[in-house]
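Dear colleague,

Please find the structure below, handed over for your records. My notes on it follow.

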Amino acid sequence: MRTIGVITKLDLMDEGTDASNILENRTYPLRRGYVGVVNRSQKDIEGRKDIKAALEGERMFLLSHPSYRHMADKMGTPYLQRILNQQLTNHIKDTLPALREKLQHQLLSMEKEVEDYKQFRPDDPSRKTKAMMQMIQQLQTDFEQNIEGSGSAAINTNELSGGARINRLFHERFPFEIVKMEFDEKELRREIAFAIRNIHGIRVGLFTPDMAFEATVKRQIARLKEPSLKCVDLVVNELGNVLRKCTEEMSRFPRLRDETERIINTHIREREQKTKEQLILLVDVELAYMNTNHEDFIGFTNAQQKAENTAGKRTIGNQVIRRGWMCIHNLGIMKGGSRDYWFVLTSESLSWYKDEEERDKKYMLQLDGLKIKDIDPGFMCRRHTYALFNPDQRNVYKDYKQLELSCEGQEEVDSWKASFLRAGVYPDRSSGTTNGDAESESTGQSMDPQLERQVETIRNLVDSYMKIVTKTFRDLVPKIIMHLTINNTKDFIYGDLLPSLYASSDQTTLMEESQEEAIKREEVLRMYHACKDALKIIGDVSMTTTYQPVPPPVKDDWLKATTPDSPRPSSPGPRRNPSIRIPPLPPVASRPIPIVPSRPEAMTNRAPPAAPPRPVSSGNLTPPLVPSRSNSSVTPRIPDRPQIPARPY
């Protein structure tokens, strides 16, 4: 498909011989044929023969040679140059479609970035102003989309970010912190018992004092301050992450980015302080007045009846609290050591299944009397592990004293712990007292049954009222943070950010381009224009160049019919004079027949060897074995033979 044969040094062949058979594509057929050329000899090179003179000599040789003049228009160095150029042109045109598609794809990928660069001129103040306005508008849009989750902003498929993380803080992390603070049953009963005794003093109390209820509730309400302020800190931290993500578009102008982040962060810190002051005010408002007439409050009579009829345990009905994946670690080495299961937690039991379809139930564990504690996961384990166990040292699951569970992250573990707290599974805590009498009085095993009933009554009242307060906090704290911090920050970015930037520094300083960005901009523009120029050149090449189809295959059926006795049937042997009879050669047994080289010596740069001696002619007869036409560019060598004088008939 691609090969072109070239026969060189045609002028060095002996007289009477030529390479017309090869040039006419009859000896070794090639699809693209052969081209004969005449090279400058070493003598011409040493004599500094001009190239033009050499080409003219080549043309005159081909036109004057009787065997080549009929095909001189398809021979010579200029003709070889033309067909090589045409073949190269064909190859280029064949590869142009794929190259054009690649360049167009690259051009489209750079369009958006180049469009931004086209709008910017380093020395044009109006262009700087326009670029600055566009970046501030883009920041406003990105910040709102990251918080609200709307619009066409890029969606993170790997982890929660922006508004989703804030939503998780409001509805999972903050409620868990409240529940974790609320359910310290032993400590709460201890506080109530001390409050009742201290109120009675030296007297024996016949009635349950309401002052004990108020003192205990105030201590519980004051403890809500810490998780509320912690929620503000977490939200502010997340707002900082959102801001850094939104200002990445300003990386071309580092001073503008730094100043923008500084102004917005300063505003967020101011709003953080105001939000914390408002939450502290909310706690103070709750402490100022105990609304015991609230419609959801249980009341003293109902609390007393509940204390008499129940053991003080809070139940929420057999409802599903949480579903999710967890890993059980103490299954035994023979069963794999640890395995993930699908868990379903209700108010009374913990069940786990093989998968989320909840068909193949593996076990159901009753939660009555169980406690929860953190355990060391071990050196090689990177998961966060905790355990369910029975304080009475009874087996929890089969032959195991505890059920070891783990999750991927600490946040997921905290969320599961909060769910267990809702189901009545409390953390294992020591009383922490050093006085023996106080310890015996606060463990719930007091010898005074009247005190026990009073403690249980106050406990029910505190539990009922704290439900009202925590419900209020879970509702108001996110609203306060949204109003005073998040929404206010969005309004600041929309309305006051741009004036603050102009007031902080001049526009020329803010819009100074970084050195790296300048180099990148110039490189992108250079590549963009280079792609456009390349596509234009490809279009011109496609329209102005001609395409020459591949020649049809040559008929080489005779090659398959070649026999060993006649390896080259198409190569005509030397024509002999019919008037001359060649005598037979005497047998030479000990002398090997030399092999004729496959490469003609005329194709090499070396001078041809001296011809062997030929028989002396007798009279006017032509010497024998002189061919009139050969397959190669030189006369074949004749092996050395005994000199036999020619004889006339």
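Does Glu-261 count as buried or exposed? At 16% relative accessibility, Glu-261 counts as buried, where buried means under 20% relative accessible area, exposed over 50% and partly exposed in between, with a 1.4 Å probe and protein chains only.

This is a predicted model, in which local features need pLDDT of at least 70 and side-chain atom pairs count only at pLDDT 80 or more, while totals for chains, interfaces and linings use all residues. Residues are numbered from 1 along each chain as its sequence is written, and side-chain values use heavy atoms, with hydrogens and water left out.

Glu-261 lies in helix 10; helices are DSSP runs (H or I) of at least four residues, numbered from the N terminus. Leaving aside neighbours within four places in sequence, Glu-261 is in contact (heavy atoms within 4.5 Å) with Leu-243, Arg-244 and Thr-247.

Thr-247 also has a counterpart elsewhere in the chain: its C-alpha atom and that of Gln-138 are separated by 9.2 Å, with the two residues 109 apart along the chain. Gln-138 is found in helix 5 (residues 125-148) and, at 39% relative accessibility, counts as partly exposed.

The contact is made by residues including Leu-256 and Glu-259 of helix 10 and Leu-497 and Ser-500 of helix 15.

Yours sincerely

Definitions and conventions:
Helix = DSSP H or I, 4+ residues; strand = E, 2+ residues; numbered from the N terminus.
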